[in-house]
Amino acid sequence: MSTKKFMYLNRKAPYGTVYALESLEVVLIAAAFEQDVSLAFIDDGVYQIVEGQNTDGIGMKNFSKTFHALGDYDINQLYVSAESLEERGLSADDLMPLIYEDEDDDWAEKPSVKIVSNAELSKLMSDQDVCLSF
Amino acid sequence: MLHTVNKSVFERNSLQSCLNTIDDSSVILLIEDGVISAAKNTKSSLLADLAAEGRVFALQGDVEARGISSKVADNIKLVDYEGFVDLVVEHGTAVSWV
Amino acid sequence: MAEICGAEVDEEGFLVDLSDWNKEIAVEMAKGDDIELSEEHWDVINFLRDYFEEYQIAPAVRVLTKAIGKQFGKEKGNSKYLYSLFPYGPGKQGCRFAGLPKPTGCI
C-alpha cells in the first residue's frame with residue numbers, strides 16, 4: 001500500500017462541537033492504515049491538548065487522554081501554532097507532555113509536540129499530499 | 001496550494017486562519033457563505049492585498065444565490081464549477097477552511 | 001434487544017453500557033463463542049481494559065500486539081498467539097469480552 005503524507009488541521013476547541021473528537025477518530029483510522037500522519041493545532045484547536053482537562057462535570061468522554069496513545073500509533077509530529085498559543089495567553093508549559101518512543105534510538109522517550117510559527121506551518125502544509133481541516 | 005473558505009468573515013475566523021498560514025504561491029477560493037467575504041465596501045479588508053495580486057476567486061453560483069453579484073470586489077475573479085476544477089488541477093493540494 | 005447476564009448488548013454482541021461489565025459477563029460471552037477463558041485470555045482482557053481506562057480507546061491490533069509482547073514476553077507478541085486465544089480477532093472478540101467498544105479502525 002502506498003503511503004501518503006496526511007496533515008490534520010485542528011482548529012476547534014474540544015467538547016463544544018464534535019470536530020475535535022471526529023478528527024481524532026479519523027487520525028487513528030489513517031494511522032491504522034500506516035499512513036504518514038501529522039497533526040497541527042491552530043486557533044482554539046490548541047485547547048485540545050491543554051493539560052488538566054476534567055470532563056466529570058459535563059458527562060462527556062475526556063478524549064484528551066487519547067492523545068497520549070498517538071505515540072503507539074507512530075504519530076509523533078504534533079505541531080502547535082506559536083501565534084495561536086500566544087493570542088490565548090498559553091505557553092508550551094500549559095500543554096500535555098506528549099511523548100513517543102523512538103524505535104531507532106533504543107526506544108528513548110522523545111517529545112511529540114513542537115511549537116512552530118505560522119510561517120513554518122505554512123511550509124509544512126505545502127509538503128503534504130493531503131490536508132484535512134477540522 | 002488551493003485554499004477554500006466556506007464561512008463568512010463576519011461569522012467565523014476561517015478566512016483569518018487561512019490567511020495566517022498561506023504561502024506566497026497559494027490562492028483562495030471563496031465558496032458557500034465564504035463568498036460574503038468577497039463583497040466590497042465592507043468593514044473587512046482582509047482580502048484586499050491578495051485580491052490585488054489576482055489570487056482570490058469566488059464561486060459564481062454561491063455569489064448569485066446570495067444576491068451580491070454587483071457587490072463583489074472588482075479584483076476578485078468569479079469562477080463556475082468548471083473553473084473550480086481547473087483551480088484544483090492547477091494548484092494541487094487543497095485545504096478547506098471550515 | 002439481546003442481553004447477557006441482564007446487560008444489554010448491541011447487534012454485534014458488544015455491551016451497550018460499558019459500565020455494566022463484570023467478569024461473569026466475559027465468561028458468558030466466551031461460552032457463547034465456545035471458549036473457556038484461561039489465564040492467558042484474562043491477561044489480554046485485563047490489558048485491554050487497562051489500556052482503555054488510560055487512553056479512552058481500544059488499541060488497534062498492531063498496537064495491542066506490540067504492547068502484549070512488551071509486557072508478557074516476545075513469544076506472545078504476535079498475531080498468531082493472539083488469534084489462538086481469540087479466533088475471531090483479538091481486537092474484535094477480545095474487546096467484546098472486555099466490555100469495550102469495537103476498536104477504532106477495526107474492519
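Two strands are taken to pair if DSSP finds at least two bridges between them. In the predicted model described here, strand 1 (residues 5–10) and strand 2 (residues 36–41) of chain A meet this condition with six bridges, and the two run in the parallel sense. Within this pair, Phe6(A) has Val37(A) of strand 2 as its bridge partner. Helix 1 of chain A packs on the sheet and touches both strand 1 and strand 2 of chain A. The direction of this helix makes about 165° with that of strand 1 of chain A.

The sheet of chain A as a whole is open and is formed by five strands in the order 6-3-2-1-7, with parallel pairing. Strand 6 (113–116) and strand 7 (130–133) of chain A are the edge strands, and each of them pairs on one side only. On average, neighbouring strands of the sheet are turned by 25° against each other when direction is ignored. A further element, helix 3 (residues 118–126) of chain A, lies across strand 1, strand 2, strand 3 (78–81), strand 6 and strand 7 of chain A. Helix 3 of chain A runs at about 140° to strand 3 of chain A.

Chain B contains four helices and five strands. Read from the N terminus, its elements follow the order β-α-β-α-β-α-β-α-β. The five strands form an open sheet with parallel pairing, in the order 4-3-2-1-5. At the edges of this sheet stand strand 4 (77–79) and strand 5 (94–97) of chain B; each has a single partner strand, so one side of each is left without a neighbour in the sheet. Strand 3 (residues 56–59) and strand 4 of chain B run parallel and are joined by three bridges. Leu78(B), in strand 4 of chain B, is the bridge partner of Ala58(B). Helix 4 (residues 81–91) of chain B lies across strand 1 (2–5), strand 2 (27–30), strand 3, strand 4 and strand 5 of chain B. The angle between helix 4 and strand 2 of chain B is about 155°.

The overall dimensions of chain B were also computed. A compact globule of 98 residues would have a radius of gyration near 13 Å, and the 12 Å found for chain B agrees with this. Along the principal axes, the C-alpha atoms of chain B fill a box of roughly 30 × 30 × 25 Å. Of the 98 residues in chain B, 34% are buried. Among contacts in chain B with a separation of 6 or more, 67% are between residues 24 or more positions apart.

The largest nonpolar core has 78 residues. Those with the most contacts inside this core are Val27(A), Ala40(A), Tyr73(A), Leu30(B), Ala38(B), Ala58(B) and Leu48(C). Helix 1 (residues 19–32) of chain A gives the most to the core, contributing six residues. When residues up to four places away in sequence are not counted, Val27(A) touches Tyr8(A), Val37(A), Leu39(A) and Ile75(A).

Between chains C and A, nine residues of chain C are in contact with 13 residues of chain A. The side of chain C that touches chain A has five nonpolar, three polar and one charged residues.

Key
Residues numbered from 1 in each chain as written. Chains lettered and ligands numbered in written order. Predicted model: local features only at pLDDT ≥ 70, side-chain atom pairs only at ≥ 80, totals over all residues. Contact = placed C-beta atoms within 7 Å. Nonpolar A, V, L, I, M, F, W, Y, C, P; charged D, E, K, R; others polar. Core = buried A, V, L, I, M, F, W, Y, C linked by C-beta atoms within 7 Å. Buried ≥ 20, exposed ≤ 12 C-beta atoms within 10 Å, placed from the backbone. Rg over C-alpha atoms; globule rule 2.2 N^0.38 Å. Axes fitted to C-alpha atoms, helices over the stretch in contact; angles between N-to-C directions.
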